[in-house]
Amino acid sequence: MSATDIHHMAGPGECKDLREVDLSMNDVGDDGAGKVAVALREWRHVCSLMMKSNVIGPKGAGRIAEALRDCVGLVRLDLAENEMGDEGVGRLAAVLPVLTALEFLDLASNEIGDEGAESLAAALGDGGKLQHLILRDNMIADEGAGFVALGLKRCRGLRLVDLVANRFGASLVKTLREVAGDVVWIGKEIQGVHYEP
């Protein structure tokens, strides 16, 4: 689906009562993300937005994040396998406190490092219903995992936190387990240290 197709879907009155949007694997990029942001202003009742594998960078993530402020009923947000980086995740984290119905957030494979983890952790638990947080296959090292651990203390409704394939060490595994128990899914291999949950 092209950015033009998205633009046509977002015409005045078009798809106004849309509940689920799956634009995964369409390579919409930042320009298409901007069109989706415009459409989201019409699609305020969206409960599920899936935009996995769309080459969305920080600019596009910022546009989507701003538009999500009006989608307070959003329950599922999948932005996995994009290129948001720390800047894009920071912009998304700024709107998370408004998304109080959000239960599922997938940010896997988004080049998120310690700075992005800090932004995200600061937004966790601010009155929301988040149950699933997927941060697998990013670049979160010890400092970022420490921030996530602090954020998890305030986010008691979580059932699963997926941190598989990041860059933090075994000492942070222990900290994460102490804070969140079995909801943290870390995997068995962490920087060469074998760990059995």
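A residue is called buried when its relative accessible area is under 20%, exposed when over 50%, and partly exposed in between, using a 1.4 Å probe and protein chains only. By that scale Arg 69 is partly exposed, at a relative accessible area of 33%.

The structure is a predicted model, in which local features need pLDDT of at least 70 and side-chain atom pairs count only at pLDDT 80 or more, while totals for chains, interfaces and linings use all residues. Residues are numbered from 1 along each chain as its sequence is written, and side-chain values use heavy atoms, with hydrogens and water left out.

The protein has 197 residues, and 49% of them count as buried. It contains seven helices and nine strands; these are DSSP runs numbered from the N terminus, with helices being H or I of at least four residues and strands E of at least two. Among contacts (heavy atoms within 4.5 Å) with a separation of 6 or more, 80% are between residues 24 or more positions apart. The exposed surface comes to about 8900 Å², and carbon and sulfur atoms supply 50% of it; accessible areas come from the Shrake-Rupley method with a 1.4 Å probe, and for residues only the protein chains shown count as cover.

Helix α3 spans residues 58-68, and its buried residues are Gly 60, Ala 61, Gly 62, Ile 64, Ala 65, Ala 67 and Leu 68. An α-helix has 3.6 residues a turn, so residues three or four places apart point the same way. The cover over the buried residues of α3 includes helices α2 (29-42) and α4 (85-93) together with strands β2 (48-50) and β3 (76-78).

Two loops contain residues with a positive phi that are not glycine. Val 55, in the loop between β2 and α3, has a phi of about 55 degrees and is partly exposed at 39% relative accessibility. Glu 81, in the loop between β3 and α4, has a phi of about 60 degrees.

Glu 81 pairs with Lys 52, the closest N and O atoms being 3.7 Å apart. This pair links distant parts of the chain, since Lys 52 is in the loop between β2 and α3, 29 residues apart from Glu 81. Glu 81 is partly exposed at 39%, and Lys 52 is partly exposed at 28%.

Another salt bridge joins Glu 66 and Arg 69 at 3.2 Å, N to O. Glu 66 is partly exposed at 39% relative accessibility. The salt bridge between Asp 162 and Arg 136 has an N to O distance of 2.8 Å. Asp 162 lies in strand β6 (residues 160-162) and Arg 136 in the loop between β5 (132-134) and α6 (142-153), so the pair ties together parts that are 26 residues apart in sequence. Asp 162 is buried, with a relative accessible area of 3%, whereas Arg 136 is partly exposed at 29%.

Lys 35, Lys 59, Arg 63 and Arg 91 form a positive patch. Lys 35 is in helix α2 and is partly exposed at 33%. A negative patch holds Glu 87, Glu 115, Glu 118 and Glu 143, with Glu 87 placed in helix α4. Patch residues have over 30% relative accessible area and no salt bridge, with like charges joined within 9 Å and nonpolar side chains (Val, Leu, Ile, Met, Phe, Trp, Tyr) within 5 Å. Lys and Arg count as positive and Asp and Glu as negative, His and the chain ends not being counted; the place of a charge is NZ of Lys, CZ of Arg, CG of Asp or CD of Glu.

Terms used. Salt bridge = Lys/Arg side-chain N within 4 Å of Asp/Glu carboxyl O.
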